[in-house]
Amino acid sequence: MSRIGKMPVEIPQGVTVEVKPGNHVVVKGPKGQLEFTFNPKLTIKVEGNQVIVERPNDEKQMKALHGTTRAIINNMVIGVSKGFEKVLEIKGIGYRAFAKGKNLELHLGFSHPVIYPIPEGIEIEVDRDNNIFVRGIDKQKVGQVAAEIRSFRPPEPYKGKGIRYRGERIILKAGKSAKK
C-alpha cells in the first residue's frame, strides 16, 4: 500500500470537499474554489472530516495514481484554506521589479523592460528589497508562474546575478585567473 496514498486528508474547519460523479472533486474554502477530475478507477470518499483515496488493485499505474491523487487533493485543501506562496529574489545592480496593475514589469539589464502579464488567480507583490511574492490557491499555478518569472534571467554562475528562489544556493564558478 502506498504510504502517501493510504493517509487520509484532514479537512479543516470552513472547507468543504464534494466528490461528484466521474471523480470530479470540488474543494471550497475561505480563499476560493478548486476543481479537478481524477482517474475514475480510483475510489474517493468523504467520511466525516477526512477524504480517503482507495485503489482497486496493485497494478503499477494504480500505485502511482494512488499517492498522486491523495497529494493533489491535500494541496487543494491547503490551497483554499491557507494558500501558497513562492518568493523570488532579484540580485544585480540596476535589476528592479514593479507590479503595475495586471502586469509585472522587470528591468533585468536588457535594452527593454520585460512585461509579464499576471495570470488569473495569481497575486504578485514586490517589496522594497526587490523580492517578488507570488501567491495563489493553486500550488501548480504558483510554481509555474514563479518558474516563468525566474526564466527571464536565471542566476548566472560567475557573479550570481539574476532571479532566484529564496533560499536557493548558487554555486559560483571561479573566474579567469591572471597570467604571471
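Nine salt bridges are found when the whole structure is searched, and the model in which they occur is a predicted one. Three of these pairs are set out below, each with the distance between nitrogen and oxygen.

| Pair | N to O distance |
|---|---|
| Lys-45 and Glu-54 | 3.3 Å |
| Arg-135 and Glu-123 | 3.9 Å |
| Glu-168 and Arg-150 | 2.7 Å |

The side chains of Arg-135 and Glu-123 meet in a salt bridge, and because Arg-135 belongs to strand S12 while Glu-123 belongs to strand S11, the pair ties together parts that are 12 residues apart in sequence. Arg-135 counts as partly exposed, at 23% relative accessibility, and Glu-123 is likewise classed as partly exposed, at 47%. Both residues also take part in a network of salt bridges that links Glu-85, Glu-123, Glu-125 and Arg-135.

Between Glu-168 and Arg-150 there is a further salt bridge, with an N to O distance of 2.7 Å; since Glu-168 lies in the segment after strand S13 (162-165) and Arg-150 in helix H2, this pair ties together parts that are 18 residues apart in sequence. Glu-168 is partly exposed, with a relative accessible area of 23%. In the salt bridge of Lys-45 with Glu-54, Lys-45 is partly exposed at 29% relative accessible area, and Glu-54 is partly exposed at 31%.

Beyond its neighbours within four places in sequence, Ile-149 is in contact with Leu-88, Leu-104, Leu-106, Tyr-116, Ile-124, Ile-132, Val-134 and Ile-163. In soluble globular proteins, nonpolar side chains tend to be buried together.

As for annotation, an unreviewed UniProt entry places the feature "domain: Large ribosomal subunit protein uL6 alpha-beta" at residues 11-83 and 92-165. Residues 11-83 are 30% helix and 37% strand, and the C-alpha atoms at the ends of this span are 14 Å apart. Residues 92-165 are 18% helix and 39% strand, with their end C-alpha atoms lying 14 Å apart.

Key: Residues numbered from 1 in each chain as written. Predicted model: local features only at pLDDT ≥ 70, side-chain atom pairs only at ≥ 80, totals over all residues. Heavy atoms only, no water. UniProt positions renumbered as here; feature names shortened; annotations may be inferred. Helix = DSSP H or I, 4+ residues; strand = E, 2+ residues; numbered from the N terminus. Contact = heavy atoms within 4.5 Å. Salt bridge = Lys/Arg side-chain N within 4 Å of Asp/Glu carboxyl O. Buried < 20%, exposed > 50% of the residue type's maximum accessible area, 1.4 Å probe, protein only.
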